[in-house]
Amino acid sequence: MPPIPGSGLAKGLAVTLRTMTKRSHTAQYPDVQPELPPRSRGVIGLFEENCTVCMLCARECPDWCIYIDSHKETIPASAPGGRERSRNVLDRFAIDFSLCMYCGICIEVCPFDALFWSPEFEYAETDIHELTHERDKLREWMWTVPAPPALDPAAEEPKELASARKAVEKAEAAAAAAEAAASAASATPDTPEGDA
C-alpha cells in the first residue's frame, strides 16, 4: 500500500507537539553529579603492575597519543647453572588526552589487563600541556574504576573452566580407581604355596 501523501510531515509535527507539551528537565550539573552508566568512558586508568611494556597499546592507537619508555634489566639465574633472563622495566607511560579520541582500542588490545576505563570525566585543564597524564596520574584514575559486573548465573560455563573441571574429575576418578585397586589387592589374603 503506497504511503499517504504528507504522512511523514504529520508524524514529524506530532513528535514536535509532544515534545513542546512536556516539561523540560534541567540538570543542575556542578551541584548535582550526573548518574553515569557503570561502564561509561571517562578517562583511562593504568594498573602498572600488569604492564609488561609490550607496546601493543601504543602501536594500535590511531591517534598516537600513548607514550611509553622502558629499559631492559637483567635478572640473575634463579638456580645454579641456569641462565640470566632479561625483562622490560617501565620508565614512562603517558596518555595525551588532548589527542585521545576515546575509542578504547588500547584497552581492548592490552593482553595483560593493564588499562581500564574509569567513569571520571572532570579533568579539564586551562593549559593543554596538563592533559598529558603521566603514569602516576593514570594510577590515581585506576582507583576510580568500578568493579566488573557479576557473572550471569544462567550463562553457559566458560570452555576453559569446563575443560579444567573435566580434567580434575578425570584425575580424581583415576586416583579413586587406583586406590580401590590397591585396597582390593591388600584385602585379598596371600595363600602360601605349600597349602595348595
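Analyst: The model is predicted, so local features need pLDDT of at least 70 and side-chain atom pairs count only at pLDDT 80 or more, while totals for chains, interfaces and linings use all residues. Residues are numbered from 1 along each chain as its sequence is written, and side-chain values use heavy atoms, with hydrogens and water left out.

User: What makes C65 count as buried?

Analyst: Buried means under 20% relative accessible area, exposed over 50%, and partly exposed in between (1.4 Å probe, protein chains only). C65 has 2% relative accessibility, so it counts as buried.

User: How do you know that the side chains of R139 and E49 meet in a salt bridge?

Analyst: A salt bridge needs a side-chain nitrogen of Lys or Arg within 4 Å of a carboxyl oxygen of Asp or Glu. The N to O distance for R139 and E49 is 2.7 Å. R139 is in helix α4 and E49 in the loop between β1 and α2, 90 residues apart; helices (H or I, at least four residues) and strands (E, at least two) are DSSP runs, numbered from the N terminus.

User: Why is E49 called exposed?

Analyst: Its relative accessible area is 54%, so E49 is exposed. R139, at 22%, counts as partly exposed.
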